[in-house]
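Work through the exercises below with the sequence and the structure at hand. Each task is followed by a solution in steps.

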Amino acid sequence: MRNNRYLSILKSPLGYGYAIYSMRGLCKLMLPANSENLAKAEGRNLASQLVSPSHQASQEIQRFINAYFSGEEPNWQRVIIDLKGTAPFQRKVYTALRNIDFGETVTYGALGQQLGYRYGGRAI
């Protein structure tokens with residue numbers, strides 16, 4: 001899994017975190033870690049190389065996180081997600097999640113039913 005994966009360390013009000021990218025987009029976002037060093041250590045298990053905070057993908061997800069935690073509506077459309085290897089059910093969930101309006105809350109059960117799965121909330 002480490003091949004062609006890139007690690008970016010992120011900062012948020014919750015603490016440090018990390019993002020793992022492929023050439024296709026964001027593969028994993030993890031918040032929080034207890035320290036910057038812990039975020040690096042965890043992320044390095046999944047990525048082949050650490051990228052600079054000035055890396056374009058790193059800047060985009062950091063802007064998204066900054067907007068989210070400052071109460072502004074983040075722009076999901078600018079965050080490209082790599083869904084390679086993702087099951088069809090998960091893809092449906094991710095698509096539905098991206099369509100939830102900023103500030104709106106939806107329960108797992110309601111999301112599952114919206115997707116046509118009566119007990120889908122347990123799988124989400």
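**Exercise 1.** Find which residues lie nearest the centre of the second largest pocket, and describe its lining.

Solution. Step 1: the second largest pocket is lined by 14 residues, and Gln56, Ala57, Glu60, Arg78 and Ile80 lie nearest its centre. On a 1 Å grid over the protein atoms alone, a pocket is an open set of points where a 1.4 Å probe fits, with protein on both sides within 12 Å along at least five of seven lines; lining residues have an atom within 4 Å of a point.

Step 2: the space in this second largest pocket is about 240 Å³. Such a volume is the space filled by probe spheres set on the points, which are joined across faces, edges and corners.

Step 3: sort the lining by class, which gives seven nonpolar, four polar and three charged residues. Ala, Val, Leu, Ile, Met, Phe, Trp, Tyr, Cys and Pro count as nonpolar, Asp, Glu, Lys and Arg as charged, and the others, Gly among them, as polar.

Step 4: helix H2 gives the most to this lining, with four residues. Helices (H or I, at least four residues) and strands (E, at least two) are DSSP runs, numbered from the N terminus.

The model is predicted: local features need pLDDT of at least 70, side-chain atom pairs count only at pLDDT 80 or more, and totals for chains, interfaces and linings use all residues. Residues are numbered from 1 along each chain as its sequence is written, and side-chain values use heavy atoms, with hydrogens and water left out.

**Exercise 2.** Describe the largest pocket by its volume and its lining.

Solution. Step 1: its volume is about 1200 Å³. Step 2: 33 residues line the largest pocket, with Phe64, Tyr68, Trp76, Leu97 and Arg98 nearest its centre. Step 3: S3, H2, helix H3 (88–98) and helix H4 (108–114) are the elements that give two or more residues to this lining. H3 gives the most, with six residues. Step 4: by class, the lining of the largest pocket has 22 nonpolar, six polar and five charged residues.

**Exercise 3.** Describe H2: what is its span, and which of its residues are buried?

Solution. Step 1: H2 covers residues 56–69, 14 residues in total, and reaches 20 Å from its first C-alpha to its last. This is close to the expected 20 Å at 1.5 Å a residue, where the expected span is 1.5 Å times one less than the number of residues.

Step 2: the buried residues (under 20% relative accessible area, 1.4 Å probe, protein chains only) are Ser58, Glu60, Ile61, Gln62, Phe64, Ile65 and Ala67. Step 3: they pack against strand S1 (6–12), strand S2 (15–21) and strand S3 (26–33). Step 4: after H2 comes Gly71, with a positive phi near 90°.

**Exercise 4.** In what order do the strands form the sheet?

Solution. Step 1: four strands form an open sheet in the order S3-S2-S1-S4, with mixed pairing. Step 2: S3 and strand S4 (49–50) are the edge strands, as each pairs on one side only. Two strands pair if DSSP finds at least two bridges between them. Step 3: S1 and S4 run parallel and are joined by two bridges.

**Exercise 5.** Is Arg24 buried or partly exposed?

Solution. Step 1: Arg24 sits in the loop between S2 and S3. Step 2: Arg24 is partly exposed because its relative accessible area is 45%, and partly exposed is the range between under 20% (buried) and over 50% (exposed).

Terms used. Contact means heavy atoms within 4.5 Å.
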